[in-house]
Amino acid sequence: MEAYQQAQSGDKEQVGESKAIPGSMRLLVATWRMSHQFRSLRAQSQTTYAHLLDKFVELHGDKSVRTAQPKHIRAILEAMSNTPAQANALRNVLRQLFQYAFENDWRPDNPVRDIKKLKYKKSPIPTWSEEDIEKFEQCWPIGTRARLALTLLLYTGQRRSDVIRMGVANVKDGAISVAQIKTDVRLLIPLHPDLHAVIRLLPENTAAFLMTQQGRAFASGNAFYNWFKECAVKAGIPSTLGPHGLRKAAARRMAEAGCTPHQIASITGHQTLAEVERYTKAVQQRLVAEQAVSMLGKPEKRLKAKKPV
C-alpha cells in the first residue's frame with residue numbers, strides 16, 4: 001500500500017485518492033466477475049482469481065481504473081516481492097482484468113501489458129524416495145485413511161485436487177476415470193493391483209474414496225493437503241514432502257521401469273513432454289549414465305581390442 005502511494009507522487013490526479021463507485025477498481029472487478037469471459041474460466045481458476053482479486057480490492061478498491069499507470073502496478077507487485085509467486089499470479093490476473101477494461105472502454109490501454117514477471121529462483125518440489133514411501137506405509141497400514149490417500153496419489157499420479165474427487169463412480173472395467181480440474185484433460189488409468197487391493201475394502205456406496213474423520217468429502221485440495229502433511233509428519237517423513245511429491249514419485253517409478261515420456265504422460269496427463277522430462281530428469285540422467293558405463297566396458301578389454309599401429 002505504502003509503495004503504491006509512493007509511486008504516485010507527482011501525479012495531478014492520484015490513483016490513491018478516494019473515488020466514487022463509478023470508474024473504481026471495485027466496480028471493475030465486480031463487473032468482470034459477472035462477465036461471460038470470467039464465468040467461462042475453469043471453476044478452479046475462478047476460485048483462485050477471486051481470492052487474489054478480493055485482496056486487491058481490499059487495498060485498492062476505491063482507486064481509479066482510468067488513472068492507473070504501469071509504475072503503480074509495478075509498485076504493487078514490488079511490495080509483494082517476499083512472495084514472488086503470489087505477485088506473479090496477481091500480475092496475471094490484473095493483466096486480464098485491465099484487458100477487459102480496455103476492451104470495454106473503461107480506459108484507453110492495458111497498463112499491465114508490458115510488465116514483466118518478478119524473477120526468482122524456483123525451488124523444485126521434492127520427490128518421495130522409496131525409503132519415504134516404505135516408512136509411511138509402515139506407520140499407516142492398509143485400512144487407514146492415510147494409507148488410502150498415499151496409494152491413490154502414488155498409483156494414479158494425479159494432483160490432490162483430482163484425487164479427493166475420486167470415488168466408486170469413477171471405477172469401471174478395471175480402470176479409474178479422471179477429469180483433471182487444472183487442465184480439463186480426461187484420462188482412463190488402469191487400476192494397479194496395489195490400488196485395487198486398497199479400494200476394494202471400501203464401502204460400495206461411498207461417494208468419495210477419501211473422507212474426513214467426520215465422514216464428509218474434503219472441502220478443498222488445501223484441506224486435504226494439511227491433513228495429509230500431518231499424517232506424513234506422524235510417520236517421520238520430512239516436512240518438505242507433500243502430496244505433489246508423490247505425483248513426482250509416480251513419474252519417477254515409471255521412468256525407472258523404462259516407460260517412455262509418452263507412456264508417463266498417458267498416466268499423469270502432462271500436456272507436453274517437456275513437463276514429463278522435468279519430473280524425470282534425474283532418473284533419465286542416471287539411466288543414460290548407466291548405459292554409457294556399461295558400453296564403455298573394462299579398460300583391459302579396450303586395450304586388447306586396440307590394433308597396433
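**Notebook: rings, cores and cysteines**

I searched the whole structure for aromatic pairs and got 11 of them. A reminder to myself: this is a predicted model.

**Entry 1: two ring pairs**

I started with tryptophan 32 and phenylalanine 38, which form an edge-to-face pair. Their centres are 5.0 Å apart, and the angle between the planes is 75 degrees. Are these two residues buried or exposed? I checked, and both tryptophan 32 and phenylalanine 38 are buried.

Next I looked up phenylalanine 218 and tryptophan 227. Why is this pair called tilted? The planes of the two rings meet at 40 degrees, so the pair falls in the tilted class, because that class lies between the stacked limit of 30 degrees and the edge-to-face limit of 60. The ring centres are 5.4 Å apart.

I also noted how accessible these two are. Phenylalanine 218 has a relative accessible area of 10%, and tryptophan 227 has 14%. Both residues count as buried, because the cut-off for buried is under 20%.

**Entry 2: the cores**

I then turned to the largest nonpolar core, which has 46 residues. The members that touch the most other members are Trp128, Phe136, Leu152, Phe224 and Phe228. Which helix gives the most to this core? That is helix H8, residues 145-156, with eight residues.

There is also a second, separate core, made of 27 residues. Among them are Leu28, Phe38, Leu52 and Phe98.

Leaving out residues up to four places away in sequence, phenylalanine 224 touches Ala149, Leu153, Arg160, Ile164, Leu210, Phe218 and Pro243.

**Entry 3: a charge over a ring**

Where does the charged end of lysine 248 sit? I found it over the ring of tyrosine 279, 5.7 Å from the ring centre.

**Entry 4: the cysteines**

How many disulfides does the structure hold? My count was zero. For cysteine 139, the nearest cysteine sulfur belongs to cysteine 231 and is 8.4 Å away.

Last, I checked accessibility for two cysteines. Cysteine 139 is partly exposed at 31%, and cysteine 259 is partly exposed at 23%.

Note on methods:
Residues numbered from 1 in each chain as written. Predicted model: local features only at pLDDT ≥ 70, side-chain atom pairs only at ≥ 80, totals over all residues. Heavy atoms only, no water. Core = buried A, V, L, I, M, F, W, Y, C linked by side-chain atoms within 4.5 Å. Buried < 20%, exposed > 50% of the residue type's maximum accessible area, 1.4 Å probe, protein only. Helix = DSSP H or I, 4+ residues; strand = E, 2+ residues; numbered from the N terminus. Contact = heavy atoms within 4.5 Å. Phe/Tyr/Trp six-rings, centres within 6.5 Å; stacked < 30°, edge-to-face > 60°. Lys NZ or Arg CZ within 6 Å of the ring centre and 35° of its normal. Disulfide = S-S within 2.5 Å.
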